[in-house]
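Subject: Structure handover

Hello,

Here is the structure for your files. My notes on what was found in it follow below.

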Amino acid sequence: MVNFLHGLLVVLQVVSALGVIVLVLLQHGKGADMGAAFGGGSSGSLFGATGSANFLSRTTGVLATIFFVATLGITWLATVQPKQGESVVDRVRANAQEVAPAAPQTNEIPK
């Protein structure tokens with residue numbers, strides 16, 4: 001279950017990162033508005049002059065939030081350790097006791 005959740009979060013993180021990159025590249029910068037003020041740009045876009053910036057900005061914000069939540073989820077999954085009721089020293093002692101002692105060696109030759 002943890003491996004499935006980790007894989008899902010990684011896929012979600014990569015897809016949201018690519019979406020943020022694409023949406024940031026699609027948005028007009030502040031310099032593009034200066035050119036439009038002097039007649040160099042066209043304001044006849046699909047969403048109107050200001051509608052596209054709001055739509056793209058909101059979508060970018062949503063994808064950025066998804067990216068950060070996925071990153072936090074991956075980090076949390078990586079740091080969660082199963083609860084151990086004993087210390088490291090107790091585990092080493094228990095492992096040493098579980099190891100069977102070696103059979104005593106004799107110098108006799110089998111007949």
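Leaving aside residues up to four places away in sequence, Gln13 touches Phe67, Ala70, Thr71 and Ile74, where contact means heavy atoms within 4.5 Å. This is a predicted model, in which local features need pLDDT of at least 70 and side-chain atom pairs count only at pLDDT 80 or more, while totals for chains, interfaces and linings use all residues. Residues are numbered from 1 along each chain as its sequence is written, and side-chain values use heavy atoms, with hydrogens and water left out.

Gln13 lies in helix H1, residues 2-26; helices (H or I, at least four residues) are DSSP runs numbered from the N terminus. Gln13 counts as buried because its relative accessibility is 19%. The cut-offs are under 20% relative accessible area for buried, over 50% for exposed and in between for partly exposed (1.4 Å probe, protein chains only).

Ile21 also belongs to helix H1. With a relative accessible area of 48%, Ile21 is partly exposed. Its C-alpha atom is separated by 9.9 Å from that of Leu63, 42 residues apart along the chain.

The search of the whole structure for aromatic pairs gave one. Phe67 and Phe68 have ring centres 5.6 Å apart and planes at 75°, so this pair is edge-to-face. Rings of Phe, Tyr and Trp (its six-membered ring) pair if their centres lie within 6.5 Å; planes over 60 degrees apart count as edge-to-face, under 30 as stacked and the rest as tilted. Phe67 is partly exposed at 25% relative accessibility, whereas Phe68 is exposed at 52%.

Regards

Technical notes: Helix = DSSP H or I, 4+ residues; strand = E, 2+ residues; numbered from the N terminus.
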